[in-house]
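Hi everyone, thanks for coming. Please have a look at the slide, and let's walk through it together.

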Amino acid sequence: FAAIKRTMGRTNDMNISALRAKSEAVLANQQQVLLVDDSPDNLLLMQRFLADADIAVDIAEDGLQAVDKVKRRSYDLVLMDIQMPGIDGFETAKIIKQNPAYAKVPILFMSALKDISNILKCYESGGVDYISKPFKIPELLARINTHITMSQLQNQLSDERDKIQTILNNILPQHYINQLKSGIQPQPELKTNVVVAFADFQNFTSLSQQLGPEKSISHLNHLFYAFDDITSRFGMERVKTLGDGYFAISINEHNDANHALKSIAALIKCQEFVEHYNRKHPEINWKLRVGAHIGNVVTGIVGYQKIAFDVWGPSVNLASRLQSVSGTNTVAISEELYKCLGQNVIVSSHDTYDIHRLGPLEVYHIKGLSDSSDPSIKAYFNNFDISKLLDSYDLSQGLIHRLFNTNNPDNPIDNN
């Protein structure tokens with residue numbers, strides 16, 4: 001090592017900026033290492049050995065430059081000297097590890113300092129390993145490859161865990177997930193003052209015959225995408241779909257006084273979206289019926305092969321019956337739900353229906369929010385442009401893209 005260094009010392013007139021430019025150019029699909037050292041000799045020497053091992057090398061000549069480079073580019077490993085002007089390797093590592101965006105990059109320290117206190121500081125500051133100078137190149141390459149491989153495997157496992165968590169979040173409520181992870185069998189739970197809503201398309205059978213199965217399901221998928229967006233923005237959660245039926249609930253976990261109003265706002269927006277969709281597709285005319293009730297329900301999960309969250313109780317049955325008497329431009333709600341809403345909604349009509357197995361029921365057909373409704377909800381409702389939803393969907397990207405898209409809806413209403 002010393003002999004090679006003396007040989008290379010005769011080429012110290014090489015401009016370090018040329019090395020930097022070369023390093024920038026070769027960073028492609030190879031393993032990418034950031035080499036941090038204030039010695040031009042060490043940079044030139046290490047760059048040569050790592051390049052011979054098919055490792056792409058970027059360089060930083062001090063700690064601040066290293067932090068800046070880590071912010072702008074993803075590296076497989078940082079090879080860090082300890083003694084440098086300005087902030088030393090320990091402080092540089094601490095700064096890197098403080099930011100979650102790039103804290104996972106492994107840091108391998110290299111130094112001539114061999115006392116135990118400095119070695120311990122390497123690990124305390126976030127390093128994964130330490131190698132003392134002078135070192136043997138084969139040993140250094142072995143450690144680099146080992147830590148890069150370990151880091152890549154950890155990142156893959158983390159990505160898989162995130163995907164599994166995303167899928168679970170789309171299947172089960174969070175507290176059920178937490179119980180399952182803890183080895184606890186979730187038990188059925190009684191929930192009070194839950195808004196239960198059912199929606200379906202009155203003319204789905206005739207449209208299916210007109211359009212054919214492939215086109216009709218494509219349209220239905222587009223509509224349900226929008227319903228998922230709309231309901232989630234107002235604090236509702238889709239339980240499941242039943243053919244052309246859509247079943248959603250809103251559990252008032254935070255004792256929100258406007259809980260029922262937000263749910264009705266979501267359901268009215270679903271009707272608005274269908275009207276907009278029909279204008280965009282004049283060759284068809286979807287007729288959405290929506291019914292909603294508020295009351296007590298039992299929630300739980302069923303099955304073990306394909307576990308599913310579900311909701312049961314008379315309130316579910318009543319909401320389903322209300323859907324059957326709804327108009328196509330309003331939301332049919334029960335008297336109990338209307339009492340919760342008061343003067344906050346606009347009623348287009350009020351009728352008594354003889355509901356199958358339930359007898360005569362007072363039904364209110366809601367077409368909008370009144371001026372006396374909560375200003376923040378009314379403002380969000382009025383400013384929510386459902387036409388943008390239609391333009392934002394690219395169904396060619398498929399369910400996987402949609403499911404793992406981490407971007408939250410713009411300006412979701414505060415559900416706390």
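Some ground rules before that. This is a predicted model, so local features need pLDDT of at least 70 and side-chain atom pairs count only at pLDDT 80 or more, while totals for chains, interfaces and linings use all residues. Residues are numbered from 1 along each chain as its sequence is written, and side-chain values use heavy atoms, with hydrogens and water left out.

Let's begin with the sheet. Helices and strands here are DSSP runs numbered from the N terminus (H or I of at least four residues for helices, E of at least two for strands). Two strands pair if DSSP finds at least two bridges between them. In what order do the five strands of the open sheet come? The order is β2-β1-β3-β4-β5, with parallel pairing. At the edges sit β2 (55-60) and β5 (129-132), and each of these pairs on one side only. On average, neighbouring strands are turned by 25° against each other, direction ignored. Axes here are lines fitted to C-alpha atoms, for helices over the stretch in contact, and angles run from 0 to 180 degrees between N-to-C directions.

Zoom in on β3 (residues 77-81) and β4 (residues 107-111): this parallel pair has four bridges. Met-80 stands opposite Phe-109 in β4.

Now for the helices. Helix α3 (residues 40-52) lies across β1 (31-36), β2 and β3, at about 165° to β2. Helix α4 (residues 63-72) also lies across β1, β2 and β3, and runs at about 130° to β2. Contact, by the way, means heavy atoms within 4.5 Å.

Next, please find strand β11 (residues 331-334). Which way do its side chains point? Val-331 and Ile-333 point one way, Ala-332 and Ser-334 the other, and all are buried. Buried means under 20% relative accessible area, exposed means over 50%, and partly exposed lies in between, using a 1.4 Å probe and protein chains only. β11 pairs with β9 in the parallel sense over two bridges, and Ala-332 is the bridge partner of Gly-291. With β13 (residues 359-369), β11 pairs in the antiparallel sense over four bridges. There, Val-331 stands opposite Ile-366.

Stay in β13 for Leu-369. Is Leu-369 buried or exposed? Leu-369 counts as buried because its relative accessibility is 5%. Beyond four places away in sequence, Leu-369 touches several residues, including Leu-261, Ile-268, Val-345 and Phe-381. The C-alpha atoms of Leu-369 and Ile-264 are separated by 8.5 Å, although these residues are 105 apart along the chain.

Finally, the loops. Where is the cis peptide bond? It runs from Lys-133 to Pro-134, with omega near -10°, and Pro-134 is in the loop between β5 and α7 (137-169).

Asp-54, in the loop between α3 and β2, has phi near 65°, a positive value in a residue other than glycine. Asp-54 counts as partly exposed because its relative accessibility is 49%. Asn-255 has a positive phi too, near 50°, and its place is the loop between β8 (245-250) and α11 (259-280). At 68% relative accessibility, Asn-255 counts as exposed.
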